[in-house]
Amino acid sequence: MKICIVGTGTMGHGIAQVFAQAGHEVLLKGRSEASLAKAHKAMDKNLSRMVEKGKLEAGVKDQVLARIKDSMKYEDCADADLVIEAIAEDSGAECTVDFDGKLSVGENKIVVTVISEDGTTKNYT
């Protein structure tokens with residue numbers, strides 16, 4: 001299954017890391033190269049900590065990171081089976097992935113929007 005995570009913050013890169021650890025190919029869609037680099041640095045740090053604690057083998061860490069590809073284009077998410085929007089709530093862009101034409105969603109695609117401030121999750125299909 002190909003997963004697209006829209007958003008590179010704490011939730012976005014955390015979700016991307018979990019799916020990659022589970023063996024899925026992940027596309028991490030960010031707003032800038034800087035945000036993507038920051039997300040990769042955080043994931044590397046998280047995985048390194050797991051290696052240090054003996055919860056993950058060093059070789060597996062490299063495999064996990066290799067499953068995560070970057071993009072700054074919504075179009076690159078078009079062939080994903082699952083799209084998870086985890087963008088900053090204060091960005092004024094919440095729920096835009098499906099609703100303003102940035103991403104064409106096929107009938108068999110699942111799009112999920114994660115909103116953390118009040119603990120709710122909205123699901124769109």
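Residues are numbered from 1 along each chain as its sequence is written, and side-chain values use heavy atoms, with hydrogens and water left out. Because the model is predicted, local features need pLDDT of at least 70 and side-chain atom pairs count only at pLDDT 80 or more, whereas totals for chains, interfaces and linings use all residues.

**Disulfide**

The structure holds one disulfide, a term for a pair of cysteine sulfur atoms within 2.5 Å. The partners are Cys-4 and Cys-77, with sulfur atoms 2.2 Å apart. Cys-4 belongs to strand S1 (residues 2–6) and Cys-77 to the loop between strand S3 (68–71) and strand S4 (82–85), so the bond ties together parts that are 73 residues apart in sequence. Helices (H or I, at least four residues) and strands (E, at least two) are DSSP runs, numbered from the N terminus. Cys-4 is buried at a relative accessible area of 0%, and Cys-77 is likewise buried at 0%. Buried means under 20% relative accessible area, exposed over 50%, and partly exposed in between (1.4 Å probe, protein chains only).

**Salt bridges**

Two salt bridges are present, each defined by a side-chain nitrogen of Lys or Arg within 4 Å of a carboxyl oxygen of Asp or Glu.

| Pair | N to O distance |
|---|---|
| Lys-2 and Asp-79 | 2.7 Å |
| Asp-44 and Lys-61 | 3.1 Å |

Lys-2 and Asp-79 form a salt bridge; Lys-2 lies in strand S1 and Asp-79 in the loop between S3 and S4, so this pair ties together parts that are 77 residues apart in sequence. Lys-2 is partly exposed, at 24% relative accessible area.

Asp-44 and Lys-61 also meet in a salt bridge; Asp-44 lies in helix H2 and Lys-61 in helix H3, so parts 17 residues apart in sequence are tied together. Asp-44 is partly exposed at 31%, whereas Lys-61 is buried at 14%.

**Helix H2**

Ser-35, Leu-36, Ala-39, Met-43, Leu-47 and Ser-48 of H2 are buried. An α-helix has 3.6 residues a turn, so residues three or four places apart point the same way. The cover over the buried residues of H2 includes helix H1 (10–21), strand S2 (25–29), helix H3 (58–66) and S3, where contact means heavy atoms within 4.5 Å. After H2 comes Gly-54, which has a positive phi near 80°.
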